[in-house]
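Please open the structure in your viewer and keep the selection tool at hand.

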Amino acid sequence: MKLFLDTGKVEEVRRAVEWGIVDGVTTNPSLIAQAGRGFKETVLEICSLVPHGTVSAEVVGTSVDEILREAREIASWAPNIVVKIPMTPAGVAATRQLTREGIRVNMTLVFSPTQALLAAKAGATYISVFVGRVDDVSSEGMRTIEDAVRMVQNYGFTSEVLVASIRHPMHVVEAMRLGAHIATMPFKVMEQLFQHPLTDIGLQRFLDDWHKAGLKIFE
Ligand code: G3P
């Protein structure tokens, strides 16, 4: 499963990339606005930090023409950009056209299995299914992941199911169990993936025993 960082903060990307396990970055208009810098400069800096991964950057137009215009512009900034387009009839029509032109699309704001099917049929590279926002309203976000993964497998679509709106490490575990292709998460959740109290206790014990015995690696 690929691990993406969901952020508009360049510094978070820089720190996470040092771990060597980041396969890409996703942004959205809210995350870019929170980060407080210009859209293009932010996206370009993130692209340079993950040259072998993809960076999803979102359009804000809502008509087919606006989406196409913005998507072509954003895609021209760097070869590793995937254009994020919301799941609307206009978004699906634009996605169909852009994929014919060779521009990769991350279809976002997908909440239901039928929306996932339409995104796959339009040729989306990634289908971003939001889980946390569904859990927030007392429903099961992971149900759509299960359906979307099965749909892609049943019909041999090339789209990858991207688990978005992740809130905690158990969302990542569930994504893994269901065979999702990608999980995108905030920096804090990625940091939490490393943590286990028994690792800390175990490491401390190894070091204490080693030092007490006066051992050395370099003699
Ligand atoms: O980028 C899409 C998604 O990951 C947003 O998550 O936490 O705003 O629901 P959230």
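**A tour of the ligand site**

Select Arg 133 together with the ligand: in this predicted model, an N or O atom in the side chain of Arg 133 is 2.6 Å from an oxygen atom of the ligand. Then turn to Asn 28, which places a polar side-chain atom 3.0 Å from an oxygen atom of the ligand. On its own, the ligand has 310 Å² of accessible area, and the protein covers 82% of that.

Now extend the selection to the residues around the ligand. Besides Asn 28, Arg 133 and Arg 167, these are Asp 6, Lys 84, Phe 130, Ala 164 and Ser 165. Colouring by class shows four charged, two polar and two nonpolar residues in this shell.

Where does the ligand sit? Display the pockets: the ligand is found in the largest pocket. This pocket has a volume of about 200 Å³. Its lining comprises 14 residues, and the closest to the pocket centre are Asp 6, Asn 28, Leu 31, Arg 133 and Ser 165. Colour the lining by class as well: five residues are nonpolar, five are polar and four are charged.

Definitions and conventions. Residues numbered from 1 in each chain as written. Predicted model: local features only at pLDDT ≥ 70, side-chain atom pairs only at ≥ 80, totals over all residues. Heavy atoms only, no water. Near = heavy atom within 4 Å. Polar contact = N/O pair within 3.5 Å; in protein donor to acceptor, adjacent residues only side chain to side chain. Areas by Shrake-Rupley, 256 points an atom, 1.4 Å probe, with all protein chains shown as cover. 1 Å grid on protein atoms, 1.4 Å probe; cavity = no way out; pocket = protein on both sides within 12 Å on 5 of 7 lines; lining within 4 Å. Sits in = over half its atoms within 2 Å of the grid points. Nonpolar A, V, L, I, M, F, W, Y, C, P; charged D, E, K, R; others polar. Points joined across faces, edges and corners; volume = space filled by probe spheres on them.
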